Amino acid sequence: MDVKIFGVIGAGQMGNGIAQVAAASGLNVIMNDINQDFVARGLATISKNLQRNVDKGKLTASEKEAVLGRIKTSVDIKDMAAADYVVEAASENEAIKFKIFESLEEVCPAHAILASNTSSIPIGRIAAHTKRPGKVIGMHFMNPVPVMKLVEVICGLATSAETLEVTLALIKRMDKTPAQSNDFPGFIANRILMPMINEAVFCLYHGVGTKEDIDTVMKLGMNHPMGPLALADLIGLDTCLAIMETLHQGLGDSKYRPCPLLRQYVEAGWLGRKSGRGFYSYE
Ligand SMILES: CC(=O)CC(=O)SCCNC(=O)CCNC(=O)[C@H](O)C(C)(C)COP(=O)(O)OP(=O)(O)OC[C@H]1O[C@@H](n2cnc3c(N)ncnc32)[C@H](O)[C@@H]1OP(=O)(O)O
Ligand SMILES: NC(=O)C1=CN([C@@H]2O[C@H](COP(=O)(O)OP(=O)(O)OC[C@H]3O[C@@H](n4cnc5c(N)ncnc54)[C@H](OP(=O)(O)O)[C@@H]3O)[C@@H](O)[C@H]2O)C=CC1
């Protein structure tokens, strides 16, 4: 299948990154969110990231304009009627994703593949909200999308070989590297990463160390590029909590229980970088 028009649902930190790398690979992109402010913010982030590359001499100004010129914005999901392939990158919330997939089923052409960038929700569960489970797949990019090489690929029980083949070709075209996971809650990436982050939050909660010392141990002791609490702030504490809840409920093991401190921060609206405050302050 030849993908010409690539749709992205959600213009947040993941959605705008996915739109950027798709447009940079030559695809025509439609980036959708629920209101004009969010798509405008997403487009401004893409423009800023591309400009950084122009300033570094990695991209010319006309290449930047060409990439931006391939991105159309939308606040109406019906615009996905033009898409051959759609990646959903809305908030990590089952009810929101189920509703989006029900709408995509209605508006997208029969040949369109519907992918989700979900961090943890089983793909089969999402696919059950469409009439085309063979054309539903997990395409899980890493944050920040323009920088990170990995895309985790998840096939549900019904995902077809053609859907996988088209997805792998797109990942190659975007100059990323795939790794395949079977369809378990949290897949591979967050089955391993998120319990580590949650344990770092428990260390803070129990007073094992300060946030700075916890992060320094993992940065300088284990050579991680960022400490786990700083990384949680980058990912978004609401997303971290949602992933832990999916692991806890889906795998039924108390070792995945979210740290109460993580829940307290989310309830206070301390969501990390995106809200200006998480474990650290960004104001
Ligand atoms: C939750 C999930 O479901 C899955 C996930 O995504 S989990 C999160 C996975 N991501 C990680 O673990 C990220 C860990 N952190 C890192 O790798 C690094 O700290 C980092 C890449 C974020 C920043 O790297 P750094 O060396 O500290 O900073 P910096 O020198 O400013 O940036 C390195 C490069 O990344 C670019 N960059 C940094 N942040 C960026 C962003 N948000 N968007 C685009 N580009 C960015 C910089 O422009 C720079 O590019 P050049 O090499 O071309 O100069
Ligand atoms: N953050 C990360 O590091 C990673 C996240 N992911 C996954 O990517 C997805 C998006 O995460 P992220 O970008 O961080 O989250 P953000 O909160 O930054 O962005 C989500 C965006 O989706 C919008 N949205 C919500 N509902 C709808 C809808 N019905 N239609 C269109 N857009 C909608 C949100 O709007 P509003 O603000 O109004 O709710 C917001 O703009 C999640 O599934 C997450 O688990 C995957 C890999 C890494």
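A polar contact is a pair of N or O atoms within 3.5 Å. This report uses that idea to describe how two ligands sit in a predicted model.

**Ligand 2**

Among the 25 residues around ligand 2, those that come nearest are Asp33, Glu92, Lys97, Ser119 and Ile235. A polar side-chain atom of Lys274 is found 3.2 Å from an oxygen atom of ligand 2. On its own, ligand 2 exposes 890 Å², and the protein buries 83% of that area. Because domain 1 (5-182) and domain 2 (189-275) both give residues to the shell, ligand 2 lies between them.

**Ligand 1**

Ligand 1 has 18 residues around it, of which Lys58, Ser119, His140, Asn143 and Asn190 come nearest. The shell consists of 10 nonpolar, five polar and three charged residues. Domain 1 (5-182) and domain 2 (189-275) each provide at least three residues of this shell.

| Residue and part | Ligand atom | Distance |
|---|---|---|
| Ser119, side chain | oxygen of ligand 1 | 2.8 Å |
| His140, side chain | oxygen of ligand 1 | 2.7 Å |
| Asn143, backbone | nitrogen of ligand 1 | 2.7 Å |
| Ala90, backbone | oxygen of ligand 2 | 3.2 Å |
| Glu92, side chain | oxygen of ligand 2 | 2.5 Å |

Technical notes
Residues numbered from 1 in each chain as written. Chains lettered and ligands numbered in written order. Predicted model: local features only at pLDDT ≥ 70, side-chain atom pairs only at ≥ 80, totals over all residues. Heavy atoms only, no water. Near = heavy atom within 4 Å. Polar contact = N/O pair within 3.5 Å; in protein donor to acceptor, adjacent residues only side chain to side chain. Nonpolar A, V, L, I, M, F, W, Y, C, P; charged D, E, K, R; others polar. Domains from an automatic or database assignment. Areas by Shrake-Rupley, 256 points an atom, 1.4 Å probe, with all protein chains shown as cover.
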